[in-house]
Amino acid sequence: MKMIKMLVALLTATALMTGSALAAPRKVVVATDATWPPMEMVDKDKKIVGFDIDFMNEVAKAAGFTVEFKNTAWDGIFAGVESGQYDAIISSVTITEERQKKYDFSLPYIDAGQILIVPKTEKGVKLADLKGKKIGAQIGTTGAMEIKKIKGIELKTYDEVGLAFEDMAAGRIGGVVCDEPTAIIYALKKDEYRDKFKIVGKPFTKEAYGIVVKKGNKELLDLINKGIKAVKAKKTDAAIKKQWLK
C-alpha cells in the first residue's frame, strides 16, 4: 500500500512539473496605431513593424510573456484599454501628467520631442512665425496640444499624421507638428516629399514614451517594467534604434 501511495505521489508531482514546464507563456494583447513611422507602421506585406514593435517583442521575451498586436485607430485607443479590449498600448505615447491621472505608464523607454515641418518655401522657423495659417497634427497628440498653445494659429487635426503631410503637399495647410522620428521619415526620406518639405529648428518639447496599461493593473505593469529594465541592461534597445531611427 505504501509503495502504491508513493508511486501515485511521484506520478502526481511529475505531472504537475511537466504541466508547469509546458504551460504557455502569458499572452498580452497590445494596441498600436500603425500609422506613425518609423515607430509603428504596416509594411508592404500588411505586417505591423517598427521600433515600438521590435522593442515590445524584446520586452516580452525578457519578461516571459508573448504579444499579440492589434492595429487600432488613435482616436479611441485609450478608451479601448479602459474597457479591456486589449491589455496595453505601445504607440509612441508621450507620458504626460494629464494622461497619468487616467492610465498607468511603464518606465520611459525612449526620448522624443515635437518638431515643426514646413514647405521649403516657408521662411518661418518656429510655430509663432506661422500665425494666420493652419497647422496640422494627428488628433489627440502632444503635437496638437502644442499648436493649441499658440494664439493666431488654427489647428487642423487628422486621424493619421500621413494625411496632414498630404494636405501640406497640396497647399491646404502651412505646416505639420509631430514627433521628430516621424518628421524625419516624412520630410527627409519619403521620395514624394523630400524636395517639398523641410524640418525647421530643433525639437521644442522634451518628452518620453511609455507603455500604457489600465489604471491599477500593477501585475502587468510590473511585468512590463521588468522586461524594459532587462532590455536596457542588455542594450538591446540600442540595436533596435540603429535599425529604425538612424
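The following legends describe close-up views of a predicted model.

In this predicted model, local features need pLDDT of at least 70 and side-chain atom pairs count only at pLDDT 80 or more, whereas totals for chains, interfaces and linings use all residues. Residues are numbered from 1 along each chain as its sequence is written, and side-chain values use heavy atoms, with hydrogens and water left out.

Figure 1. Strand S1 (residues 26-32) runs parallel to S5 and is joined to S5 by seven bridges. Val28 has Val67 of S5 as its bridge partner. Helices (H or I, at least four residues) and strands (E, at least two) are DSSP runs, numbered from the N terminus. Two strands count as paired if DSSP finds at least two bridges between them. Strands of a sheet pair through backbone hydrogen bonds, either parallel or antiparallel.

**Figure 2. Strand S10 and its pairing with S11.** Strand S10 (134-138) runs parallel to strand S11 (154-158), and five bridges join S10 to S11. Within this pairing, Ile135 has Leu155 of S11 as its bridge partner. Four of the five residues of S10 are buried, so S10 is largely enclosed by the rest of the structure. Here, buried means under 20% relative accessible area, exposed means over 50%, and partly exposed lies in between (1.4 Å probe, protein chains only).

Figure 3. Lys61 is exposed, at 62% relative accessibility, while Glu58 is partly exposed, at 23%. Side chains of opposite charge can pair when their charged atoms come close.

**Figure 4. Salt bridges of Glu122 with Lys133 and of Asp129 with Lys126.** The side chains of Glu122 and Lys133 meet at 2.5 Å, N to O. Both residues of this pair, which are 11 residues apart, lie in the loop between strand S9 (114-119) and strand S10. Glu122 is buried, with a relative accessibility of 13%, whereas Lys133 is partly exposed, with a relative accessible area of 33%. In the other pair, the side chains of Asp129 and Lys126 meet at 3.4 Å, N to O. Asp129 is partly exposed at 35%, and Lys126 is likewise partly exposed, at 47%.

**Figure 5. A salt-bridge network and a negative surface patch.** Salt bridges link Lys156, Asp167 and Arg172 in a network. The negative surface patch is formed by Asp75, Asp159, Glu160, Glu166 and Glu192. Such patches are made of residues with over 30% relative accessible area and no salt bridge, like charges being joined within 9 Å and nonpolar side chains (Val, Leu, Ile, Met, Phe, Trp, Tyr) within 5 Å. Glu160, one of the patch residues, lies in the loop between strand S11 and helix H6 (161-169). Glu160 is partly exposed, with a relative accessible area of 37%.

**Figure 6. Backbone features at Pro38, Lys46 and Lys235.** Pro37 and Pro38 are joined by a cis peptide bond, with omega of about 5°. Pro38 lies in the loop between strand S2 (35-36) and strand S3 (40-42). Lys46, although not a glycine, has a positive phi of about 65°. Lys46 is located in the loop between S3 and strand S4 (48-49) and is exposed, at 71% relative accessibility. Lys235 is also a residue other than glycine with a positive phi, near 60°. Lys235 lies in the loop between helix H8 (218-234) and helix H9 (236-244) and is exposed, with a relative accessible area of 59%.

**Figure 7. Ile199 in strand S13 (residues 197-200).** Ile199 is partly exposed, at 25% relative accessibility. The C-alpha atoms of Ile199 and Val177 are separated by 9.8 Å, with the two residues 22 residues apart along the chain.

Definitions and conventions
Areas by Shrake-Rupley, 256 points an atom, 1.4 Å probe, with all protein chains shown as cover. Salt bridge = Lys/Arg side-chain N within 4 Å of Asp/Glu carboxyl O. Lys, Arg positive; Asp, Glu negative; His and termini not counted. Charge placed at Lys NZ, Arg CZ, Asp CG, Glu CD.
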